[in-house]
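Here is a friendly briefing to read alongside the model. Please take a look at the structure first, then follow the notes on pockets, helix packing and annotation.

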Amino acid sequence: MSETGLRERKRRRMYEAVSEVAIRLFLEKGFDAVSVAEVAAAAEISKPTLFRYFPAKEDLVLYRISDHEDESARVVREAEAVGGSPVEALLRHFLAGLDRCDPVTGLNDHPQVLAFHSLLYGTPALVARAYTHQQRSETALAEALGGDLDARLAAGQIMAVQRILALENWRRISEGERVEDVRGDAVAAAQRAFGRLVPQLG
């Protein structure tokens, strides 16, 4: 492996390690009760070093889902490369996520996943920061769809569909329903929601 590749792996390991330490502390004590200095001490790094990796405290949590930021855009680009329908490709991708209980779909009842989602959706500062993450995802998706006004409108609809479906799945499971009891409704809801987009977006 090249020196550049080794540096990138080391950098990624640092991101992951510090984020995991922070999330553990936030789950134990609450997001607002833990300072950045406390996270840095627990991760055995200096506060300035922490801020080089995570410019905002909220980023310590959002890093866990940052790899999904350009996921929809990637799915669209891959579909269009073979002449496929972007919306149908996104539906297949979402259904595949439901099938494997991908946490991003909300259909996952692992205690750690539920705790993370409760932290994320129950902390106003994290909800606000997540909105910025969603805006970047929407922008990337709009660019993949063509970048014009119609593409931006389509991206907004698609991101809203994905977000609302995931939140509904998480809500039901967090209230005590089993994954297997929710799965059928989740699949049907996704098919209906994406199906309404097909006539408009193709």
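α8 gives the lining of the second largest pocket its largest share, four residues. This is a predicted model, in which local features need pLDDT of at least 70, side-chain atom pairs count only at pLDDT 80 or more, and totals for chains, interfaces and linings use all residues. Residues are numbered from 1 along each chain as its sequence is written, and side-chain values use heavy atoms, with hydrogens and water left out.

**Second largest pocket**
- Its volume is about 200 Å³ (the space filled by probe spheres set on grid points, joined across faces, edges and corners).
- The second largest pocket has 13 lining residues, and Asp59, Leu62, Tyr63, Ser66 and Arg136 lie nearest its centre.
- A pocket here is an open set of points on a 1 Å grid over the protein atoms alone, where a 1.4 Å probe fits, with protein on both sides within 12 Å along at least five of seven lines; lining residues have an atom within 4 Å of a point.
- Two or more lining residues come from each of α4 (59-62) and α8; helices are DSSP runs (H or I, at least four residues), numbered from the N terminus.
- By class, the lining has six nonpolar, three polar and four charged residues (Ala, Val, Leu, Ile, Met, Phe, Trp, Tyr, Cys and Pro count as nonpolar, Asp, Glu, Lys and Arg as charged, and the others, Gly among them, as polar).

**Largest pocket**
- The volume of the largest pocket is about 830 Å³.
- It is lined by 35 residues, with Ile65, Val104, Tyr121, His133 and Ala166 the closest to its centre.
- α5 (71-81), α6 (86-99), α7 (111-121), α8 (124-144) and α9 (149-174) each give two or more residues to this lining.
- The lining of the largest pocket comprises 16 nonpolar, twelve polar and seven charged residues.

**Packing of α7 and α9**
- The axes of these helices come within 11 Å and cross at roughly 115° (lines fitted to C-alpha atoms over the stretch in contact, with angles from 0 to 180 degrees between N-to-C directions).
- Leu114, His117, Ser118 and Tyr121 of α7 meet Leu167, Trp170, Ile173 and Ser174 of α9, where contact means heavy atoms within 4.5 Å.

**UniProt annotation**
- The unreviewed UniProt entry places "domain: HTH tetR-type" at residues 12-72; annotations may be inferred rather than shown by experiment.
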